Amino acid sequence: MANISRRHLLRGLGTAGFAASLGSLSQLSLTPSWAADASGYKAMVCIFLKGGMDGADTILPYDQPAYENLKRVRPSLFGAYGSQSSGSSRNRDNLLKLTPDNDFAGQEFAVPRELSKIRSLFDSGDLAIVGNVGPLIEPTTKTDMINGTAILPKRLFSHNDQLSTWMALEPEGAQVGWGGRFMDQVLKAAPHQDPSFSSITTWDSDVFLAGQSVSPFRVFPNGTPTPDIYNKPWLIGQTSEDDSARDKLQRYLRMNSSTSRNLLEADLLASRAQAIENSDRFRVAQSQATALGTSFADDYVSTQMRSIAETIQIRSQLNVSRQMFGVNVYGFDTHNNQANNIGVLHEILATAIASFRDAMIELGEWQNVVVFTASDFGRTLVDNGNGTDHGWGGHHFVAGGAVRGKQIYGDLPPPEVGAEAYTQTRGRLIPSVSVEQYAATMGAWFGLSQSELYETLPNLRNFNTHDLGFMQG
Amino acid sequence: MLPLVMLVCAACVEIDHTEEASIPPEALVSAQIPTDGEQDDSASEDAGSASQAPNIVLESKQDVVRFLSRSTFGGKKSDIDELMNVSAAAWLDAEFSKPASLTLPSLQALPRTASGNRPNRVVNELYWDHIVSSDDQLRQRMAFALSQILVYSNVGNVGDQDARGYYQDILIRNAFGNYRDLLEEVTYSPAMGAWLTYLHNDKGDPATGRMPDENYAREILQLFSIGLIELNRDGTPKLDATGQTIETYSNRDIQGLARVFTGLSYAGGQFNRRPNPAPIAQPMQMYDDHHSLLEKAFLDTVIPAGTTGERSIDMALDAIFEHENLAPFISRQLIQRFSASNPSPEYVERVATVFEEGTFSSSDGYVFGTGQRGDLAATLAAVLLDPSLFEPIADESVGVFGKVREPVLRFTHWARAFDVSGIDARNEWRLQDTTGAQSSLGQQAFVAPTVFNFYRPGFVAPGTRSGENNMTVPEFQIVNENSHIGYMNFMTDFAFDRALERDPNFESYKPDYSEEVALSDTPSALIEHLDDLLTGGRMTEFEKDQIIDIIATMPINVSSTELAEQDRYDIVHVAVAMVINSPSYTVTW
């Protein structure tokens, strides 16, 4: 196995990653024999809700006392929603009640009507909710925090750092995300897996997708771009000499060994060559595919999900048996105008996930993908007028054919600012589920062994439960 | 305008102006650079020359081009002739005294559409024209740098383009001013108020439990002034006894400071109203009825209960401005925007010291700044005249040098180097929105996706050699495998002078390639010329040989003057496109 993995690791790296690969190789000898299961095909799709989605305005308490409490603690926000009026999305009568299969001791929950497609997926067992997830080093209580004995994640409530912690388990500056680390493990075990298309982004090159042996390849909704300068013959002329100049141009742009002594220039040259090679290979693979029958909305979230569906469609041409995807949705930093903005975002999100499910069913892959949300943080229970501020724990969706849906995992604490579930100020939820538990549950399904989960998720050992139970098979 | 000191050195004319050429001792100015006498430069690449200030006279075309790549939106051919054998400090001195060219007037001169708005995204277009053509290049470049620290974005592009114009002008007017004044003007600007949601931010209400919006309190500390962790003056983190970094503030500080930024709204009306037309090109007004009168405690500062709004903001900004972190935090980011993606701690400390002292003396006797803490002219002079930028780089040294230029700068440098005519971006489809990475630059000034800009100062690129060396290269967050082809195609369209124009009868952003066409029969001369003009002579021999080989393959049909001319232009187009796609053009060092 070691030999195969070694050849494999080196192939995707080029000269730029050579030293990094040596680092990985040295670890190989330590890798236990029970390595990742990379049989069949499986994909994880992470949807980043950038800015910090307000959990309390996404999964609302529905039992009358808790609903009234929420209204009391957010008077201005509920005022902005006009919640007393019969048409208001936050009028209790218009909320869509969830009927989970598991019991929450009298607590009832609902989602706003803009999430009706999410509710349908929940009802059909395709989607689960994981409540109060966030970065944690160890199980943490309010008392620990007050006593100063809690070991806390660094730089809580700061966007970039908490986003980085969600993605890479360290504040900003982290270079390797847990999505990328999962793929590193897969690559060690799967000799045929192409590292170039192991990790795919539809938007930014976020750290979540970066590993030691993978870096994210970007797919675009309108096809992968290719250099015009040698692909459009009319640009420089059509004689045979021009053809030969074009060939030389192409060869030159693909060269991957820098003659500069400037490291930044060497990095640029390597990534340019990689870009051209990978985009060409991706285009060739995609040119053989037939169009998907499932239609997607044309907003930027649905188009990202469509790109992912189209990439999964050509998985065998791309030579991958495991893939990690990243999608971005912006606009959740609702300090202001939350009542006008969050509904639109919810609807876009729900529509994109629902269409993606249809496409996966069309391809026969719904059993083999899991779509999950992540966000910088949840938000304060106490409002600031017409918005909310940075919090900590938040609620998330997990969807897929292998998800044990119609259930709520984790915890959905009632909206009581003074309760143990919250920090001392403004109703910031202290997470009851760590990001690493959330990740480990999917990682095990994805095929990682227990030791690989420990290797990729450094604080997992601090928690008793490593599998939250929302994945089956 | 250029002052007296024009150090012309006869000996320099003779020497081979490669970057490695040693500077003849006669050319060196004897004055010492100001240092605190304690700094140890042994860790940086300039070891061995600490005792002697390097020559800051721009002695070759290449020197000029490299210097202007750092300090402007790109050197023009006319600049090169003008600046040969001129001291870089003399040029700075002249730039500091130029009047500011502002952006709001040309925006306000445009008619509004029927809906009452300026034409869609016109502020983007006008800004391109402004940075390409303004004479006060250093000031404009500084404003662009500041726009990436004090990040305001009209990413949503919702009509209020005048607010952005006014905000741009705050940065332009204060570019050589004082950081304290700049912070204040930014704080009162309706653009920032709306962007970071403290416009209409009401004081808390104990009856309902409502609390002030914390957004601006958090970001002014984290991004605009002191950052999250305590810093040494050289920008490295301070560590506690257990080796941990020390956070500069806690959530309690944020809650205290959030009270300060309550009560601001549009001028001249009522707190909760937006007058029509909204007064968005003037400072916001403080409405004390809506300002929190509770005690405001943060960063070891207590603003007593009962203090009114404007006074509270004054006191808060004073406290922030006096924080020890401010100088290294802002200095390091400014260096990253001009000259080094991963500046050495020594470089940061030199600039931070000038930020604190407010004055900078060049090795040839120019003195910049007022002597006040936070003086931006002095700070900028320290960034651009740092000795490390003028010392020869030893042949054998291999490492990370210089700065990856952001895509915006690479486009403007092309436009300026070839002296484009028809500078009216409203005619260019491609310039209205350049934020996409699929077929565009992946960046546009004042249109960052969030207050965290297009990239973060601490970004270390995974899977790269610079990353293995743990070097920060912010620009690699948008300049990477996933953006190269989009950039290449965007620039190819302009280099080939075939970017789509709205009115095809008006040739906008048209490059003047006459000098290059005249060289096209001699590929090596053409490439040497472009290398000097665009990279300051940084391309490697191998790279130049490859491009020469490509263009030498291209035919020139001499059967007619017209066809020959067309072929010569083809050659120039390919040559220009290859050079502006070269890593040597992307990195200035």
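The legends below accompany close-up views of a predicted model.

**View 1. Chain B as a whole, with its helices, strands and buried residues.** In this predicted model, the secondary structure of chain B comprises 24 helices and 10 strands. Of the 589 residues in chain B, 57% are buried. When contacts in chain B between residues at least 6 apart in sequence are considered, 70% of them join residues that are at least 24 apart.

**View 2. The side of chain B that touches chain A.** Contacts between the chains involve 63 residues of chain B and 68 residues of chain A. On the chain B side, two or more residues each come from helix 11 (215-222), helix 12 (251-260), helix 18 (465-468), helix 19 (484-495), helix 22 (541-553), helix 23 (561-580) and helix 24 (583-586) of chain B. By residue class, this side of chain B divides into 24 nonpolar, 28 polar and 11 charged residues.

**View 3. Helix 12 of chain B and the elements packed against it.** Helix 12 of chain B, which gives two or more residues to the side touching chain A, is mostly covered, with eight of its 10 residues buried. These buried residues are Asp253(B), Ile254(B), Gln255(B), Gly256(B), Leu257(B), Ala258(B), Arg259(B) and Val260(B). Within chain B, the buried residues of helix 12 pack against helix 11, strand 5 (296-298), strand 6 (301-303) and helix 13 (309-322).

**View 4. Helix 19 of chain B, with neighbours in both chains.** Helix 19 of chain B has 12 residues and reaches 16 Å from its first C-alpha to its last, close to the 16 Å expected at 1.5 Å a residue. Because 12 of its 12 residues are buried, helix 19 of chain B is largely enclosed by the rest of the structure; among these buried residues are His484(B), Tyr487(B), Phe490(B), Asp493(B) and Phe494(B). The buried residues of helix 19 of chain B pack against helix 17 (407-417) and helix 23 of chain B, together with helix 9 (228-231) and helix 11 (263-287) of chain A. Just after helix 19 of chain B, Asp497(B) adopts a positive phi of about 55 degrees.

**View 5. An open sheet of three strands in chain A.** The strands of this open sheet in chain A follow the order 2-4-3, and their pairing is antiparallel. Strand 2 (60-61) and strand 3 (96-97) of chain A stand at the edges, each having a single partner strand, so one side of each is left without a neighbour in the sheet. Strand 3 of chain A is joined by two bridges to strand 4 (residues 109-111) of chain A, and these two strands run antiparallel. Leu96(A) stands opposite Val111(A), a residue of strand 4 of chain A.

**View 6. A cis peptide bond in a loop of chain B.** The peptide bond that joins Asn276(B) and Pro277(B) is cis, with omega about 0 degrees. Pro277(B) is placed in the loop between strand 3 (264-265) and strand 4 (285-286) of chain B.

**View 7. Two loop residues of chain A with positive phi.** Arg155(A), although not a glycine, has a positive phi of about 55 degrees, and it lies in the loop between helix 6 (142-147) and helix 7 (159-168) of chain A. With 21 C-beta neighbours inside 10 Å, Arg155(A) counts as buried. Asn337(A), also a residue other than glycine, has a positive phi near 60 degrees, and its place is in the loop between strand 8 (322-329) and helix 13 (338-363) of chain A. Asn337(A) is partly exposed, with 13 other C-beta atoms within 10 Å.

Terms used. Residues are numbered from 1 along each chain as its sequence is written. Chains are lettered from A and ligands numbered from 1 in the order in which they are written. This is a predicted model: local features need pLDDT of at least 70, side-chain atom pairs count only at pLDDT 80 or more; totals for chains, interfaces and linings use all residues. Helices (H or I, at least four residues) and strands (E, at least two) are DSSP runs, numbered from the N terminus. A residue is buried if 20 or more other C-beta atoms lie within 10 Å of its own, exposed if 12 or fewer, and partly exposed in between; C-beta atoms are placed from the backbone. Two residues are in contact if their C-beta atoms, placed from the backbone, lie within 7 Å. Ala, Val, Leu, Ile, Met, Phe, Trp, Tyr, Cys and Pro count as nonpolar, Asp, Glu, Lys and Arg as charged, and the others, Gly among them, as polar. The expected span of a helix is 1.5 Å times one less than its number of residues. Two strands pair if DSSP finds at least two bridges between them.
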